[in-house]
Amino acid sequence: MTVFALVDGNSFYCSCERVFDPRLVGRPVIVLSNNDGCAVARTPEAKALGIRMGHPFFLIRDLCRDHGVAVLSSNYTLYGDLSARMNEVYGLFSPHVEVYSIDESFLDLSGMGGRDLAAHARELRATVRQWTGIPTCVGLGPTKVLAKLANWLAKHAPELGGVCDLTDPPRRLEAMARIPVAEVWGVGPASVAKLDGIGCRTAADLAGLDHALARRLLTVVGERIVYELQGLPCLELEEVAPQRKGCAVTRMFSRRVDDLPTMLEAVAAHTTRLAEKLRHHGLATDVLTVFFHTSTHDQGPQHGAQRTVHLIEATNDTLALLSAARAAVEAIWREGFRYSKAGVMGVGLIRAEEAQRPLFGALDRERSARLIGALDAVNARWGRGTLVPAAAGLKRPWATRFERRSPRYTTRLDELPVARARG
């Protein structure tokens with residue numbers, strides 16, 4: 001029998017912070033988005049205070065102060081490293097792992113020779129907690145949708161001890177009758193409204209829906225969800241992530257940008273990061289889009305600008321992309337506006353080695369490989385951003401704020417945690 005497990009970290013960002021700061025255990029904790037704008041992670045203690053996902057921080061600042069809420073900036077370097085460590089542990093419990101997101105992974109537990117899968121899941125959960133410090137919940141099911149549903153139950157039913165097994169059909173039907181249809185993976189608000197109109201309000205109701213009606217109401221995606229809820233797998237494990245079709249780097253500014261030199265520097269920094277990401281994935285692009293816009297929350301004139309540049313050949317060369325990005329910014333820049341965000345996007349991505357050469361104006365790939373290779377080698381040795389093109393700037397006063405960020409404990413030697421013996 002096919003069996004999937006979905007493992008995810010509980011309040012993942014907050015749990016990562018608690019691993020290295022035990023003073024946060026038992027205390028309400030929230031982690032803020034870029035520029036410390038709104039809550040993107042909350043512990044149960046913070047949720048109990050009424051703090052919602054996406055709650056703007058300026059609206060809850062007083063609440064956090066009055067109730068001793070620990071407020072932290074996002075520390076993506078730390079979270080990504082702990083996520084990678086968790087997935088290494090998962091590999092000890094299944095040879096087939098799909099990293100679905102930074103805090104969620106699917107495991108294929110099929111063909112385990114009659115082993116008690118719930119006990120296997122509890123051992124996995126305990127090992128992850130012991131080796132990484134991150135608490136998790138595990139959901140088991142014969143399909144990915146059911147494993148996701150079981151994980152939801154594991155989170156919301158404390159008596160289950162963090163593990164829920166929905167591989168048994170009678171138990172599965174009983175459990176689904178108590179789960180709102182809105183909690184089914186892939187069923188969004190618009191679909192919930194359609195289903196409510198025909199009296200379909202629980203996961204069990206959706207599992208019993210006629211396939212043709214499901215397709216008519218929710219398209220073929222909804223029909224597949226119904227099959228999955230019935231225990232018939234339609235979604236396979238993706239151990240190798242599909243090739244990206246696009247790659248973007250976008251950031252809110254820490255302050256409004258109203259002059260061309262600063263915008264050029266910001267877009268150059270984003271473009272440099274985009275090129276790094278493309279090289280990391282072995283991809284190249286010949287279509288670069290640059291955009292920037294004002295904020296609708298600001299008083300004053302509004303403006304949004306975008307320009308797409310077609311390169312003569314697909315590349316991930318930082319300097320070639322910087323040249324295209326600069327031309328785009330200069331073409332669409334308008335004076336008299338206070339811009340709040342900018343970004344660059346590469347689309348139509350292909351494998352770098354498959355990029356066709358043009359007849360005229362081709363890039364010097366050998367020179368590019370030596371130059372960019374040296375750039376990457378320095379940054380790999382001494383840390384990203386050690387060596388950057390001058391156009392990307394150094395001080396970057398416009399850069400995203402992380403005023404409350406904790407140390408990057410696991411990836412920076414100068415930020416390693418220090419243990420001190422008590423006298």
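Guide: Let us begin with a term: helices and strands are DSSP runs, numbered from the N terminus. Thr 250, for instance, lies in strand E9. Please bear in mind that this is a predicted model.

Visitor: Is Thr 250 buried, partly exposed or exposed?

Guide: Buried means under 20% relative accessible area and exposed means over 50%, with partly exposed in between. Thr 250 has a relative accessible area of 27%, so this residue is partly exposed.

Visitor: Which residues does Thr 250 touch?

Guide: Contact means heavy atoms within 4.5 Å. Leaving aside residues up to four places away in sequence, Thr 250 touches Phe 291, Lys 341, Ala 342 and Gly 343. As for Phe 337, which is 87 residues from Thr 250 along the chain, the two C-alpha atoms are separated by 19 Å.

Visitor: How should I read a helix such as H11?

Guide: An α-helix has 3.6 residues a turn, so residues three or four places apart point the same way. H11 is mostly covered, since 16 of its 21 residues are buried. Just after H11, Gly 282 takes a positive phi of about 70°.

Visitor: What covers the buried residues of H12?

Guide: The covering elements include H11, E10, E11 and H13. Among the buried residues of H12 are Leu 321, Leu 322, Val 329 and Ile 332. H12 itself has 15 residues and reaches 21 Å from its first C-alpha to its last, close to the 21 Å expected at 1.5 Å a residue.

Visitor: Which residues of the largest nonpolar core touch the most other members?

Guide: They are Phe 253, Met 263, Val 267 and Phe 292, out of 35 residues in that core. At least two residues of this core come from each of E9, H11, strand E10 (283–294), strand E11 (304–315), helix H12 (318–332) and strand E12 (339–347). H11 gives the most, with nine residues. A second, separate core of 32 residues includes Leu 82, Val 89, Leu 109 and Val 163.

Visitor: What does Phe 292 touch?

Guide: Not counting residues up to four places away in sequence, its contacts include Met 263, Val 329, Ile 332, Trp 333 and Tyr 339.

Visitor: How is a pocket read, and what is the volume of the largest pocket?

Guide: One asks for its volume, then for the residues that line it. The largest pocket has a volume of about 2,100 Å³. Of its 41 lining residues, Thr 77, Arg 273, Glu 276, Arg 384 and Arg 408 are the closest to its centre. H11 gives the most to this lining, with eight residues. By class, the lining has 12 nonpolar, 15 polar and 14 charged residues.

Visitor: Which residues are closest to the centre of the second largest pocket?

Guide: They are Gly 9, Asn 10, Ser 11, Phe 12 and Ser 15, among 27 lining residues. The volume of the second largest pocket is about 670 Å³. H1 supplies the largest share of its lining, five residues. That lining is made up of 10 nonpolar, eight polar and nine charged residues.

Notes:
Residues numbered from 1 in each chain as written. Predicted model: local features only at pLDDT ≥ 70, side-chain atom pairs only at ≥ 80, totals over all residues. Heavy atoms only, no water. 1 Å grid on protein atoms, 1.4 Å probe; cavity = no way out; pocket = protein on both sides within 12 Å on 5 of 7 lines; lining within 4 Å. Points joined across faces, edges and corners; volume = space filled by probe spheres on them. Helix = DSSP H or I, 4+ residues; strand = E, 2+ residues; numbered from the N terminus. Nonpolar A, V, L, I, M, F, W, Y, C, P; charged D, E, K, R; others polar. Buried < 20%, exposed > 50% of the residue type's maximum accessible area, 1.4 Å probe, protein only. Core = buried A, V, L, I, M, F, W, Y, C linked by side-chain atoms within 4.5 Å. Expected span 1.5 Å × (residues − 1).
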